Amino acid sequence: IYGNKTGEWVPDFGFFSMSGVGNFIYLKGENFRQAAWSNGMVNKMYDFMAPIVGFDYEYVEGLAFEEMIEKAKAEIDEGRPVILGPVDMYYLKYFAKIYRNMHIPMHYIMMTGYDEEKIYIIDGGVEQVQTLTYGEIKEALVSERTELGAGNGMYKVKFNEELPSVFEIAKKAFYLKAKQMLEPNNEGEGISAMRRLAHEFGKWREELNPGAYKAALNHLITFTGTVPQPPMRLFGAPEKADVLHRAGREKLVNVLRTIGSENGVSQWLEAADLFVESGRKIERITHLIVDLMLHQRQDLDEVPSIILEIADIEEAAYKKLLIEA
């Protein structure tokens, strides 16, 4: 939408990398642990990016499907695409490995047009415009209340008339992102939370019951995927070459290198090199956990030290992003 309004190209996963990718969250309760190397909560990313880019948004949820889709059509009639979701990737036929095989009910798609029989969508996971029938999108939309919303959800987005350049957006976004990671307001976020995870990870097995421990490990590796999904090796299938388990660091690296090279920001190029290294270490942790789940190893004793290494690397990387906008 931004590109269409400004004529300026945004690198793939550009705004995602400026907001959610690379963030860190660690939550714990009486019998659960959740750690994620990125924060893909759409409302959090929109809250972060809206004042930087220059747009307003409204989340519509909890309606009957028919009412929601009519509101979506009305927005499109006004020239404004809408974001539908969350949807369950289990029902998206263009994801061949996931379709009818794996439930991932936390995906979002952009509806750009419609006719009497189908809707036209853009999905960040594929290159071409896709179509879904009304029955297919109704099936895919999460209709029950979850932690992501009340079901049948839709984001309406409206941009300002005047918008800053991609470079201006990136400068401000990366600076604020670095501040959040280095000086978090919440003990469950940022570099300090990574180090907390490193010190507590070895205790998970004794603190949690077996089901909760497995769920915690599964959550950790699911959100390292380019598309959030556990490694296919767990299901006896070969991993797709384009699905890495580096928690999106490869996307963040591409954005930093692209915009940094175009605008001569050497610190961003140096930060990108560091995120390459941390991404590989995140992938190493993912493989170790999969080995344990497949009974190919007995313990995860080396994981805490790898997490501490990641924290050190990413602390150095974020310090390089502290360039005043």
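Helices here are DSSP runs of H or I with at least four residues, strands are runs of E with at least two, and both are numbered from the N terminus. The views below show a predicted model.

View 1. In general, strands of a sheet pair through backbone hydrogen bonds, in a parallel or an antiparallel manner.

**View 2. The pairing of β4 with β8.** These two strands run antiparallel and are joined by three bridges. Within this view, Leu-84 stands opposite Met-154 of β8.

**View 3. Strand β6 and its partners β5 and β7.** Strand β5 (residues 107–114) runs antiparallel to β6, with four bridges between them. A hairpin of three residues links β5 to β6, and Tyr-114 has Ile-119 of β6 as its bridge partner. Strand β7 (residues 130–133) also pairs with β6 in the antiparallel sense, over four bridges; here Ile-121 stands opposite Gln-130 of β7.

**View 4. The two faces of strand β6.** In a regular strand, side chains alternate between the two faces of the sheet. Strand β6 (residues 118–122) has a covered face formed by Ile-119 and Ile-121. Lys-118, Tyr-120 and Ile-122 make up the uncovered face.

**View 5. Helix α4 and its buried face.** Helix α4 (residues 65–77) contains 13 residues and spans 18 Å from its first C-alpha to its last, close to the 18 Å expected at 1.5 Å a residue. Its buried residues are Phe-65, Met-68, Ile-69, Ala-72, Lys-73, Glu-75 and Ile-76. Seen down the axis of α4, these residues fall within an arc of 160°, so they line one face of the helix. An α-helix has 3.6 residues a turn, so residues three or four places apart point the same way. The buried residues of α4 pack against β4 (82–87), β5, α5 (134–140) and β8 (154–159). Just after the helix, Gly-79 adopts a positive phi of about 85°.

How values were computed: Residues are numbered from 1 along each chain as its sequence is written. This is a predicted model: local features need pLDDT of at least 70, side-chain atom pairs count only at pLDDT 80 or more; totals for chains, interfaces and linings use all residues. Side-chain values use heavy atoms; hydrogens and water are left out. Buried means under 20% relative accessible area, exposed over 50%, partly exposed in between (1.4 Å probe, protein chains only). Two strands pair if DSSP finds at least two bridges between them. The expected span of a helix is 1.5 Å times one less than its number of residues. The arc is that of the directions from the helix axis to the C-beta atoms. Contact means heavy atoms within 4.5 Å.
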